[in-house]
Amino acid sequence: SVNQSKAVRRLADDRKKAFVDLRLLFRKQNDSIDNVDPQLKNNQDLVEALVFFEKSWEKGKEFFKNGKTCGQLIYFSQLIEGVAEKHSEFQEKLDSIDAEIFVIIPCLVVLNSFAGEDKGICSKYYPVLEEKGNPEQDYYLSAKEKYKAIQKRGADSYELYNVFETAILDKPLILTKLKNCYVTQEEIAHLVHDIKRIGISMQRHSPSEWNTIIETAMVQSSSKQH
């Protein structure tokens, strides 16, 4: 499907592989049952197969059973894969699970949310953004309004997004692109600072849930298998 991603395909493949491997192991042991230790924990190959089966199927159930959750995993992985295709440095950080990745990804999600393209992730993982009168909501709305104000100057939405994406990745900005987007380096620096504060706060709000979906998307989207 065009809406799938590497993360979703690999997660589905892991579930299938776990089932097939366990079935093959059972058939093998059935042919030589006398070699199976009655204390199941002493059968290393069986223990490893069962652990892999349980982990892959539990993770699959978490992300495949709920359509919205699956959609959010697809969004995360496609976002990561898209940035990795454009920026080789990001792919390298992804492959090595560099600590910067855990700051960059939530920032990119926040940037996407300014255009309403975050699949509801910001409000799910940082619900205070939906609470009227909450200082964090005010801070977020202020940052969003700054971005919208720059956009209204006549900048192409795609080009403006790429400029901020580049800044979030801490890569040098091309001055001609800034001029085309009617934005200054100072404005970008201030707004990226706001985005980073929101992104870091978001991932810290529900760290366990956030880390689960991020790690799934990251590992499955990496060009290496960890």
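1. A residue is called buried when its relative accessible area is under 20%, exposed when over 50%, and partly exposed in between (1.4 Å probe, protein chains only). By that rule Phe 114 is buried, at 1% relative accessibility, and so is Tyr 147, at 3%.

2. A word on the basis of these notes. This is a predicted model, in which local features need pLDDT of at least 70 and side-chain atom pairs count only at pLDDT 80 or more, while totals for chains, interfaces and linings use all residues. Residues are numbered from 1 along each chain as its sequence is written, and side-chain values use heavy atoms, with hydrogens and water left out.

3. The whole structure holds 6 aromatic pairs (rings of Phe, Tyr and Trp, the last by its six-membered ring, with centres within 6.5 Å; planes under 30 degrees apart are stacked, over 60 edge-to-face, the rest tilted). Phe 114 and Tyr 147 have ring centres 5.5 Å apart and planes at 40°, so they form a tilted pair. The two residues are 33 apart in the chain: Phe 114 is in the loop between α5 (101-113) and α6 (121-125), and Tyr 147 is in helix α7 (residues 135-151). Helices here are DSSP runs (H or I, at least four residues), numbered from the N terminus.

4. Do look at the cluster too: ring pairs join Tyr 75, Phe 76, Tyr 125 and Trp 210.

5. Lys 119, in the loop between α5 and α6, has a positive phi near 60° and is exposed at 53%. Asp 170, in the loop between α8 (157-168) and α9 (175-180), also has a positive phi near 60° and is exposed at 66%.
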